[in-house]
Structure formats: C-alpha cells, structure tokens
Amino acid sequence: MSLEHREEGIKPWRIPYMDYELYPPAGIEAKAEICAGVRLRLRTNSTEAVVSFAPLADAAAMDCVAGGELCQTLSLPAGATEALFSGLSAGTKDLEIWLPQNIGMTVTGIRIDAHAVGVPLPDTRPRWITYGSSITQCVGASSPSRTWPAIAAEACGFSLTNLGFSGNCHMEPMIGRLIRDLPADFISICAGVNIYGAGTLSPRMFKPLLIGLLETIRDKHRETPLLVISPIYGTVRETQLNSLGFTLPMMREAIRETVELLRERGDRQLYYQDGLNWLGPEDEVFLTDGLHPGPEGYELLGRRFRDLHEFAFRVEHRFAE
C-alpha cells in the first residue's frame, strides 16, 4: 500500500503508513507492517540476486520466482541481514522475490552480478485484492509464494494485493475505505472467523457492518467482481457458541443472506462462496489446530480457488481479449 523511506532503507506497509494512527490499535495490531504478498520484481540477466535488509526480528523465509516458477526458497534466522539467491538461469528472465509473510522488514539494497543488467518490472496483470484473517495471511504456509493467495494469483494471472491480517479481520470501516480507494479488477473477502473468535460483533451487528463494508467498497468499484467467502470448516466452532452467541454456521447464513440481499438490489457483480465448499469437514486432516491449515492445506486452498470461482476467470479472459 505504501513505502516508508527511512534512513536505513525502505519499509513496505500494507496500509498507508502516513495514516498509521487511523488503523488502531498500533497499525492493526502490528499486522500492517508484515510483508504478506509483498515482492520485488525485476527483469535481469544476472545469475544471482542479493537482497539486503535491516536485521530480521524473527526467523523467516523468502522466495525467488523466475518466470512464474519457484526456483529457490531461503530459510533465514532471526538477525539475518541478507538473502542470496544464486545459481539462477542464464539469460534474461523476470524475477519476483517474495518477502516474508510472517514479519515486517526494511529493505536496504539489492545487488546483481557486476556486469549484469537489471530493470524494475511493472506488474501489468489484472489487480486482485483479497482481505481476510490469518488464513489469508498464511503464516503456516511453507514459504511466502506458497500461500493460497499467491498460488491462486499465479494460476489466475492476477497481480496480488494481500490484506490478510492475522487475528484482525473485523470489517473495520478504514479497511473498507482502503479497498475502495485502490485500483482493483477483482476483490475477494474472507470474513467471519476473527469476529467469531474475538466476539467483536454480535448477531445484531454482523449484517449491518458487512453491508457497510461492501457498500463502501462499491462507492468506487460499482462493476468490479466482488466475492465474499464465508468461513472454512472450523471444527468446534461449528457447534460451540462464542461469547456473543454466534457459531460459524450462523455466520455463513448471515453472509449468504447479505450477498443475496444486495444482489436482489441490483449488484450483479457480487458473489457468495460457502467456505465449506472450499475446505470442509472432510478436509479436517489439513488443519493443524482445528482452525488453521498447514502447508499442504494452503496448497489445497490455492489449487481449489481456481476451480471453485469460475467468474474469476471471466475477469481474466476479459482482460486477455
């Protein structure tokens, strides 16, 4: 969303960092500085690329993708200041270097071979914004390019903006304004599970806040395909009432009814997807703690996204024509 130019380097943010105070608490509980979905893109004939950064606060992984194919994953310890991707293929190629999906970082430089050429590579693919919880941020994925949004974006030919905030998908009004003001060709929202877990919205207020979020986005995205996905399977959360009397099935029904209401009012580019059709009770083996998928689960979600949401490919084909 923004780049903060610091004395030591450049720090990417998933909110406008100059409006940090407007995203309480502490920049969406410090999740807005995490680099989920953030990547460096360049076209180069170098056989290596070195990214330097301020010391990492925690262990993390970084990926180098060449021509759409993952060619190297680096596991970096806390305190690391450099990621060296070596042994890259000869000749000119398009590189994407994916920053960690579990921590923030300040990039201090990038180096290539002494006699190589490297130029920034704009991303001209249709823009996809996805908003959600830890299941969208995907800390438990094997590496940053193996999160389900990254896998789905590559399969669909989309340029990804990942607004997954672990523990913090509560449909805040400022997030609706943020998505509204961004360029987008496709938008998806995975809502509900954090609201259930934290008890932030009652059954009385859930629908009104969801309507407000969707209508805010529609202020500037009247015809943009907008997909609302209800929670995936959540084991005990399917039957256990939370502190405000909600279960995940109740949330799914509220989301379905809201999308149906807005479609009846003329929003024909608004779509609903039942999360159980994406990852259901038969897939419980892919959950590590009864809620979060592990690496194989995120791979599965990424692969299934294309199959489940055929309209997303109508968007892709529209831009290809």
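## The parallel sheet

In which sense do β13 and strand β14 pair, and over how many bridges? In this predicted model, β13 and β14, the latter covering residues 226-229, pair in the parallel sense over four bridges. Within β14, leucine 226 is the residue that stands opposite isoleucine 187.

These two strands belong to an open sheet of five strands, whose order is β12-β11-β13-β14-β15 and whose pairing is parallel. The edges are taken by β12 and β15 (270-273), each of which has a single partner strand, so that one side of each is left without a neighbour in the sheet. On average, and with direction ignored, neighbouring strands of this sheet are turned by 15 degrees against each other.

## Helices on the sheet

Helix α3, made up of residues 148-156, lies across β11, β12 and β13 and runs at about 155 degrees to β11. Helix α4 also packs on the sheet, where it touches β11, β12 and β13, and its direction makes about 175 degrees with that of β11.

Helix α4 spans residues 173-181, and among its residues Ile175, Gly176, Leu178, Ile179 and Arg180 are buried. The elements that cover these buried residues include the strands β11 (127-132), β12 (159-164) and β13 (186-190), together with the helices α1 (26-29) and α6 (203-218).

## Alanine 184

Between α4 and β13 there is a loop, and alanine 184 has its place in that loop. With a relative accessible area of 13%, alanine 184 falls under the 20% cut-off and is therefore buried.

When neighbours within four places in sequence are left aside, the residues in contact with alanine 184 are Arg127, Ile129, His221 and Thr224. Serine 159 is 25 residues from alanine 184 along the chain, and the C-alpha atoms of the two are separated by 9.6 Å.

## The largest pocket

The largest pocket of the model has a volume of about 1000 Å³. It is lined by 32 residues, of which Leu3, Val38, Arg39, Leu40 and Arg41 are the closest to its centre.

Several strands contribute to this lining: β1 (2-5), β2 (10-13), β3 (39-44), β9 (107-112), β10 (118-120) and β12 each supply at least two residues. By residue class, the lining of the largest pocket divides into 19 nonpolar, eight polar and five charged residues.

Note on methods. Residues are numbered from 1 along each chain as its sequence is written. This is a predicted model: local features need pLDDT of at least 70, side-chain atom pairs count only at pLDDT 80 or more; totals for chains, interfaces and linings use all residues. Side-chain values use heavy atoms; hydrogens and water are left out. Buried means under 20% relative accessible area, exposed over 50%, partly exposed in between (1.4 Å probe, protein chains only). Contact means heavy atoms within 4.5 Å. Two strands pair if DSSP finds at least two bridges between them. Axes are lines fitted to C-alpha atoms, for helices over the stretch in contact, and angles run from 0 to 180 degrees between N-to-C directions. On a 1 Å grid over the protein atoms alone, a cavity is a set of points where a 1.4 Å probe fits but cannot get out, and a pocket is an open set with protein on both sides within 12 Å along at least five of seven lines; lining residues have an atom within 4 Å of a point. Grid points are joined across faces, edges and corners, and a volume is the space filled by probe spheres set on the points. Ala, Val, Leu, Ile, Met, Phe, Trp, Tyr, Cys and Pro count as nonpolar, Asp, Glu, Lys and Arg as charged, and the others, Gly among them, as polar.
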